[in-house]
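Please read the points below with the sequence and the structure open side by side.

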Amino acid sequence: MIVFIDEERAYLYWVAHHRAGFVLDCLRKPTKSRLNLHRATCSEINASGSRRTHWTTGRRLKACALDIDELKAWALEQAHVEPQWCQSCLAENSTCDRPLHLSHLDKEVLSFVLEVATLHLDDRDATYLLTVGKAAKCLAKTPGQLAASLERLAIQGMLELVGTRKPGEATSPDCRLLPTVAAMKTLPAFQSLSDEQIAAELAALAK
(Lines give C-alpha, C1' and ligand atoms only; values in the text may rest on other atoms or scores of the structure.)
Protein backbone atom coordinates (compact mmCIF):
# COMPACT_ATOMS: atom_id res chain seq x y z
CA MET A 1 0.00 0.00 0.00
CA ILE A 2 1.18 3.54 -0.72
CA VAL A 3 -0.20 6.85 0.59
CA PHE A 4 0.07 9.93 -1.62
CA ILE A 5 0.17 13.34 0.06
CA ASP A 6 1.07 16.44 -2.00
CA GLU A 7 2.13 14.12 -4.83
CA GLU A 8 -0.30 14.80 -7.66
CA ARG A 9 1.91 13.56 -10.49
CA ALA A 10 2.98 10.40 -8.67
CA TYR A 11 -0.63 9.58 -7.76
CA LEU A 12 -1.92 10.06 -11.30
CA TYR A 13 0.93 7.90 -12.60
CA TRP A 14 -0.05 5.16 -10.15
CA VAL A 15 -3.73 5.01 -11.13
CA ALA A 16 -2.81 5.13 -14.83
CA HIS A 17 -0.45 2.17 -14.50
CA HIS A 18 -2.32 0.05 -11.95
CA ARG A 19 -5.75 -0.42 -13.49
CA ALA A 20 -6.37 -3.51 -11.39
CA GLY A 21 -5.79 -1.56 -8.17
CA PHE A 22 -7.92 0.26 -5.62
CA VAL A 23 -7.90 3.79 -4.20
CA LEU A 24 -9.05 5.03 -0.82
CA ASP A 25 -10.09 8.69 -1.01
CA CYS A 26 -10.18 10.46 2.32
CA LEU A 27 -9.22 13.48 4.39
CA ARG A 28 -5.74 13.67 5.85
CA LYS A 29 -7.35 12.97 9.19
CA PRO A 30 -9.69 10.17 8.05
CA THR A 31 -13.26 10.38 9.33
CA LYS A 32 -16.10 7.87 9.14
CA SER A 33 -18.10 10.03 6.75
CA ARG A 34 -15.28 10.78 4.30
CA LEU A 35 -13.75 7.38 3.62
CA ASN A 36 -14.54 6.28 0.08
CA LEU A 37 -13.22 3.24 -1.77
CA HIS A 38 -12.80 3.27 -5.55
CA ARG A 39 -11.40 1.12 -8.30
CA ALA A 40 -8.34 2.72 -9.90
CA THR A 41 -10.35 3.12 -13.12
CA CYS A 42 -13.18 5.07 -11.45
CA SER A 43 -13.76 8.44 -13.12
CA GLU A 44 -14.23 10.13 -9.75
CA ILE A 45 -10.58 9.63 -8.78
CA ASN A 46 -9.06 9.34 -12.24
CA ALA A 47 -7.86 12.45 -14.07
CA SER A 48 -8.94 11.08 -17.45
CA GLY A 49 -12.57 11.04 -16.34
CA SER A 50 -12.84 14.17 -14.22
CA ARG A 51 -11.98 17.85 -14.20
CA ARG A 52 -11.31 17.83 -10.49
CA THR A 53 -7.94 18.87 -9.14
CA HIS A 54 -6.27 18.70 -5.74
CA TRP A 55 -6.21 14.91 -5.73
CA THR A 56 -3.61 14.72 -2.95
CA THR A 57 -3.23 18.37 -1.97
CA GLY A 58 -5.28 20.62 0.28
CA ARG A 59 -7.07 18.50 2.88
CA ARG A 60 -7.07 15.24 0.92
CA LEU A 61 -4.89 12.19 0.46
CA LYS A 62 -5.08 9.01 -1.59
CA ALA A 63 -4.14 5.56 -0.29
CA CYS A 64 -3.55 3.07 -3.10
CA ALA A 65 -3.01 -0.68 -3.23
CA LEU A 66 -3.45 -3.73 -5.43
CA ASP A 67 -4.78 -5.66 -2.44
CA ILE A 68 -8.09 -4.23 -1.27
CA ASP A 69 -7.72 -5.84 2.15
CA GLU A 70 -4.71 -3.62 2.87
CA LEU A 71 -6.82 -0.51 2.36
CA LYS A 72 -9.64 -1.85 4.52
CA ALA A 73 -7.20 -2.66 7.31
CA TRP A 74 -5.65 0.81 7.08
CA ALA A 75 -9.08 2.45 7.21
CA LEU A 76 -10.00 0.45 10.30
CA GLU A 77 -6.76 1.49 11.94
CA GLN A 78 -7.16 5.17 11.07
CA ALA A 79 -10.91 5.72 11.46
CA HIS A 80 -12.13 2.52 13.17
CA VAL A 81 -14.58 1.82 10.36
CA GLU A 82 -14.52 0.08 6.99
CA PRO A 83 -14.57 2.36 3.93
CA GLN A 84 -17.70 2.66 1.78
CA TRP A 85 -17.65 1.91 -1.94
CA CYS A 86 -18.48 4.80 -4.21
CA GLN A 87 -21.83 4.19 -5.97
CA SER A 88 -20.30 3.78 -9.44
CA CYS A 89 -17.81 1.17 -8.27
CA LEU A 90 -20.45 -0.57 -6.15
CA ALA A 91 -22.65 -1.03 -9.23
CA GLU A 92 -19.66 -2.27 -11.19
CA ASN A 93 -18.75 -4.77 -8.49
CA SER A 94 -22.14 -6.45 -8.79
CA THR A 95 -21.49 -7.24 -12.45
CA CYS A 96 -17.86 -8.33 -12.35
CA ASP A 97 -17.58 -10.71 -9.40
CA ARG A 98 -16.24 -14.06 -10.55
CA PRO A 99 -16.72 -17.40 -8.77
CA LEU A 100 -12.99 -18.01 -8.40
CA HIS A 101 -11.55 -20.00 -5.52
CA LEU A 102 -8.10 -18.55 -5.13
CA SER A 103 -5.65 -18.55 -2.25
CA HIS A 104 -3.90 -15.39 -1.11
CA LEU A 105 -0.83 -16.35 -3.14
CA ASP A 106 -2.98 -17.18 -6.19
CA LYS A 107 -4.46 -13.67 -6.04
CA GLU A 108 -1.02 -12.14 -5.58
CA VAL A 109 0.36 -13.98 -8.61
CA LEU A 110 -2.65 -13.15 -10.78
CA SER A 111 -2.61 -9.47 -9.77
CA PHE A 112 1.09 -9.25 -10.58
CA VAL A 113 0.68 -10.85 -14.02
CA LEU A 114 -2.27 -8.58 -14.83
CA GLU A 115 -0.35 -5.52 -13.68
CA VAL A 116 2.65 -6.36 -15.86
CA ALA A 117 0.40 -7.16 -18.83
CA THR A 118 -1.56 -3.90 -18.61
CA LEU A 119 1.65 -1.89 -18.28
CA HIS A 120 2.93 -3.44 -21.49
CA LEU A 121 -0.38 -2.91 -23.26
CA ASP A 122 -0.10 0.77 -22.36
CA ASP A 123 3.47 0.92 -23.67
CA ARG A 124 3.54 -0.89 -27.02
CA ASP A 125 7.27 -0.24 -27.42
CA ALA A 126 8.10 -2.45 -24.43
CA THR A 127 8.60 -6.18 -24.97
CA TYR A 128 6.57 -8.48 -22.73
CA LEU A 129 8.97 -11.06 -21.32
CA LEU A 130 7.40 -12.13 -18.04
CA THR A 131 8.54 -15.60 -17.04
CA VAL A 132 7.94 -17.80 -14.02
CA GLY A 133 11.46 -17.01 -12.81
CA LYS A 134 11.00 -13.24 -13.10
CA ALA A 135 7.60 -13.35 -11.40
CA ALA A 136 9.03 -15.42 -8.56
CA LYS A 137 11.88 -12.97 -8.06
CA CYS A 138 9.57 -9.93 -8.01
CA LEU A 139 7.25 -11.65 -5.52
CA ALA A 140 10.21 -12.73 -3.33
CA LYS A 141 9.43 -16.41 -3.93
CA THR A 142 11.11 -19.33 -5.64
CA PRO A 143 9.64 -20.86 -8.81
CA GLY A 144 8.84 -23.95 -6.75
CA GLN A 145 6.82 -21.90 -4.26
CA LEU A 146 4.69 -20.55 -7.12
CA ALA A 147 4.18 -23.94 -8.80
CA ALA A 148 0.89 -24.87 -7.09
CA SER A 149 -0.60 -21.40 -7.62
CA LEU A 150 0.38 -21.41 -11.28
CA GLU A 151 -1.26 -24.80 -11.75
CA ARG A 152 -4.48 -23.67 -10.08
CA LEU A 153 -4.62 -20.46 -12.10
CA ALA A 154 -4.00 -22.38 -15.33
CA ILE A 155 -6.70 -24.93 -14.48
CA GLN A 156 -9.20 -22.15 -13.74
CA GLY A 157 -8.41 -20.57 -17.09
CA MET A 158 -6.78 -17.44 -15.72
CA LEU A 159 -3.18 -17.97 -16.83
CA GLU A 160 -1.48 -19.50 -19.83
CA LEU A 161 1.91 -21.11 -19.28
CA VAL A 162 3.87 -20.89 -22.51
CA GLY A 163 6.82 -23.27 -22.76
CA THR A 164 7.77 -26.90 -22.98
CA ARG A 165 7.21 -29.09 -19.96
CA LYS A 166 7.03 -32.84 -19.58
CA PRO A 167 4.26 -34.42 -17.49
CA GLY A 168 5.21 -34.61 -13.83
CA GLU A 169 7.97 -32.03 -14.14
CA ALA A 170 8.01 -28.71 -12.35
CA THR A 171 7.26 -25.59 -14.35
CA SER A 172 10.45 -24.20 -15.84
CA PRO A 173 11.59 -20.75 -14.62
CA ASP A 174 11.85 -19.82 -18.31
CA CYS A 175 8.19 -20.60 -18.97
CA ARG A 176 6.33 -17.44 -20.01
CA LEU A 177 3.27 -16.25 -18.13
CA LEU A 178 0.34 -14.76 -20.03
CA PRO A 179 -3.08 -13.73 -18.71
CA THR A 180 -6.11 -15.18 -20.47
CA VAL A 181 -9.14 -13.36 -21.82
CA ALA A 182 -11.05 -14.43 -18.68
CA ALA A 183 -8.36 -12.92 -16.47
CA MET A 184 -8.37 -9.63 -18.36
CA LYS A 185 -12.16 -9.51 -18.03
CA THR A 186 -11.76 -9.23 -14.25
CA LEU A 187 -10.34 -5.73 -14.85
CA PRO A 188 -13.01 -3.02 -15.19
CA ALA A 189 -11.09 -1.35 -18.03
CA PHE A 190 -11.51 -4.44 -20.22
CA GLN A 191 -15.08 -5.44 -19.43
CA SER A 192 -16.53 -3.32 -22.21
CA LEU A 193 -14.34 -5.06 -24.79
CA SER A 194 -15.37 -8.21 -26.63
CA ASP A 195 -13.49 -11.46 -26.12
CA GLU A 196 -12.16 -11.10 -29.66
CA GLN A 197 -10.77 -7.63 -28.96
CA ILE A 198 -9.05 -8.77 -25.79
CA ALA A 199 -7.69 -11.87 -27.54
CA ALA A 200 -6.20 -9.63 -30.21
CA GLU A 201 -4.55 -7.47 -27.54
CA LEU A 202 -3.09 -10.56 -25.87
CA ALA A 203 -1.88 -11.97 -29.17
CA ALA A 204 0.08 -8.77 -29.78
CA LEU A 205 1.45 -9.02 -26.26
CA ALA A 206 2.64 -12.58 -26.83
CA LYS A 207 4.68 -11.79 -29.93
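1. Helices (H or I, at least four residues) and strands (E, at least two) are DSSP runs, numbered from the N terminus. The model is predicted, so local features need pLDDT of at least 70 and side-chain atom pairs count only at pLDDT 80 or more, while totals for chains, interfaces and linings use all residues. Residues are numbered from 1 along each chain as its sequence is written, and side-chain values use heavy atoms, with hydrogens and water left out.

2. Strands of a sheet pair through backbone hydrogen bonds, either parallel or antiparallel. Here, five strands form an open sheet in the order β1-β4-β2-β3-β5, with mixed pairing; two strands pair if DSSP finds at least two bridges between them. Because β1 (2–4) and β5 (84–85) stand at the edges with a single partner strand each, one side of each is left without a neighbour in the sheet.

3. β1 and β4 run antiparallel and are joined by three bridges. Ile 2 has Cys 64 in β4 as its bridge partner.

4. Helix α2 (residues 68–79) lies across β1, β2 (22–27), β3 (35–39), β4 and β5, and runs at about 15° to β2. Axes are lines fitted to C-alpha atoms, for helices over the stretch in contact (heavy atoms within 4.5 Å), and angles run from 0 to 180 degrees between N-to-C directions.

5. Is Lys 62 buried or exposed? Lys 62 belongs to strand β4 (residues 60–65) and counts as buried, because its relative accessibility is 0%. Buried means under 20% relative accessible area, exposed over 50%, and partly exposed in between (1.4 Å probe, protein chains only). The side chain of Lys 62 reaches the backbone oxygen of Trp 55 at 2.7 Å. Not counting residues up to four places away in sequence, Lys 62 touches residues including Ile 2, Phe 4, Tyr 11 and Asp 25.

6. Strand β6 (residues 159–162) runs antiparallel to β7, with four bridges between them. Leu 159 stands opposite Pro 179 in β7. From β7 (residues 176–179), Arg 176 and Leu 178 point one way, Leu 177 and Pro 179 the other way, and all are buried.

7. The axes of helix α4 (residues 104–122) and helix α6 (residues 143–155) come within 9 Å and cross at roughly 80°. Therefore α4 is roughly perpendicular to α6, a term for angles of 65 to 115 degrees. Among the residues that meet are Leu 105 and Val 109 in α4, and Leu 146 and Arg 152 in α6.

Note on methods. Angles under 35 degrees count as roughly parallel, over 145 as roughly antiparallel, 65 to 115 as roughly perpendicular and the rest as oblique. A polar contact is a pair of N or O atoms within 3.5 Å; within protein, one must be able to donate a hydrogen and the other to accept it, and residues adjacent in sequence count only if both atoms are side-chain atoms.
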